[in-house]
Amino acid sequence: MRVFLVGASGAIGTRLVPQLIEHGHEVVGTVRSPGNAERVRALGAEPVVLDLLDRRAVRKAVLEAQPEAIVHEATALADATWGRNFDNVFAGTNALRTNGTDALLAAAREAGVRRFVAQSFASYRYVREGGPVKTEDDPLDPTPPANAGQSWAAMADLDRTVTEAGGIILRYGVFYGADNDGLIEPVRKRQYPHVGDGGGITSWIHLEDAAAATVLALEQDGPAIYNVVDDEPAPVREWLPVFVQALGAKPPRHVPTWLARLFAGEAAVVMSTEARGASNAKAKRELGWTLRYPSWRQGFPEVYARSAAPAAPRIGEPTRT
Ligand SMILES: NC(=O)c1ccc[n+]([C@@H]2O[C@H](COP(=O)([O-])OP(=O)(O)OC[C@H]3O[C@@H](n4cnc5c(N)ncnc54)[C@H](OP(=O)(O)O)[C@@H]3O)[C@@H](O)[C@H]2O)c1
């Protein structure tokens with residue numbers, strides 16, 4: 001198939017281009033920053049510079065590319081500075097998920113594109129009651145954290161508009177697998193604490209596995225929603241020590257919920273203490289997807305070993321010069 005991949009230079013896009021090509025697809029890959037075009041070309045895609053928020057440019061690019069499928073992987077998180085106001089951090093991404101998606105769907109309709117797959121998110125979004133792990137049929141959180149209301153609404157809007165148009169929504173877990181994963185620096189600097197009982201559940205996904213599920217989703221007829229997460233949703237109190245150890249970092253601090261709410265805001269507290277995980281049973285069953293990294297337990301040590309700080313010499317061990 002000829003695939004129009006929006007966000008080809010991003011964390012997932014750069015994993016997806018080679019996998020699409022390996023599966024026999026031809027890829028037109030968009031970048032926002034012209035400087036990223038050569039990187040995308042080197043991966044094997046035909047680069048196109050595109051601002052997804054420029055509706056006319058989107059129409060032109062899609063009509064010119066004449067794709068059979070569109071994959072929307074654009075976010076605006078590369079320079080994100082995390083703060084109390086979650087919605088401020090996600091404002092650009094929210095626009096790409098709402099206005100950007102509308103522009104792409106309109107262009108897709110006009111160009112007669114058969115398949116449409118878009119990036120959504122599974123972690124932290126499901127209802128915060130009942131069992132620890134939720135399927136795609138379970139309700140989303142009806143009362144999102146106050147400082148993330150716009151971001152949760154943008155994702156709900158994205159899920160709805162894409163499925164109403166017959167497309168496929170991939171609710172990915174939290175990405176890991178790159179040398180610059182967002183949590184590496186905060187964990188190293190002890191800025192990512194244990195909050196309260198650390199009972200909030202995270203669903204993770206290695207970027208290579210996320211890309212593999214995306215390639216398989218292109219073979220499916222929509223509408224559909226799939227959680228693209230690993231086999232082991234787990235509370236922060238379980239995965240954080242493994243993450244810390246894989247990096248060779250110092251143990252995290254412990255912070256009470258009231259203090260975390262004050263400094264990091266409501267969303268951070270909910271994620272750390274109340275969030276539910278997501279099940280990947282449907283994606284495995286319907287996409288025939290198998291994971292190379294079924295659990296973060298195996299994935300973190302494998303991925304972060306190469307970026308871990310060198311271990312301190314043991315007593316009696318000679319120090320290398
Ligand atoms: N599920 C998750 O956990 C999740 C989801 C998304 C991102 N993240 C994390 O966030 C960090 C940054 O993500 P990222 O590396 O993918 O970078 P990013 O800056 O979020 O960009 C993603 C892609 O979207 C493109 N893009 C940005 N603004 C656009 C616009 N207005 N119009 C069209 N395309 C646009 C980017 O193009 P340019 O590169 O040319 O700017 C890039 O190809 C990474 O650590 C990643 O793992 C996590």
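Let me start with strand 4, residues 69–72, which in this predicted model is covered on both of its faces, with Ala-69 and Val-71 buried on one side and Ile-70 and His-72 buried on the other. As a general point, side chains in a regular strand alternate between the two faces of the sheet.

Now to the neighbours of this strand. Strand 1, which spans residues 2–6, pairs with strand 4 in the parallel sense, and four bridges link them; within that pairing, Val-3 has Ala-69 as its bridge partner. Strand 5, residues 115–121, also runs parallel to strand 4 and is joined to it by four bridges, and here the partner of Ala-69 is Arg-115. If you follow the chain from strand 4 through helix 4, residues 86–111, and on into strand 5, you trace a right-handed β-α-β unit.

Is Ser-279 buried or exposed? Its relative accessibility is 17%, and because buried means under 20%, Ser-279 counts as buried. As for what surrounds this residue, once we leave aside the neighbours within four places in sequence, Ser-279 is in contact with Val-133, Lys-134, Thr-135 and Glu-136, and also with Asn-227 and Val-229.

Notes:
Residues numbered from 1 in each chain as written. Predicted model: local features only at pLDDT ≥ 70, side-chain atom pairs only at ≥ 80, totals over all residues. Heavy atoms only, no water. Buried < 20%, exposed > 50% of the residue type's maximum accessible area, 1.4 Å probe, protein only. Contact = heavy atoms within 4.5 Å. Helix = DSSP H or I, 4+ residues; strand = E, 2+ residues; numbered from the N terminus. Pairing = 2+ DSSP bridges. Right-handed = clockwise from strand over helix to strand, strands pointing away.
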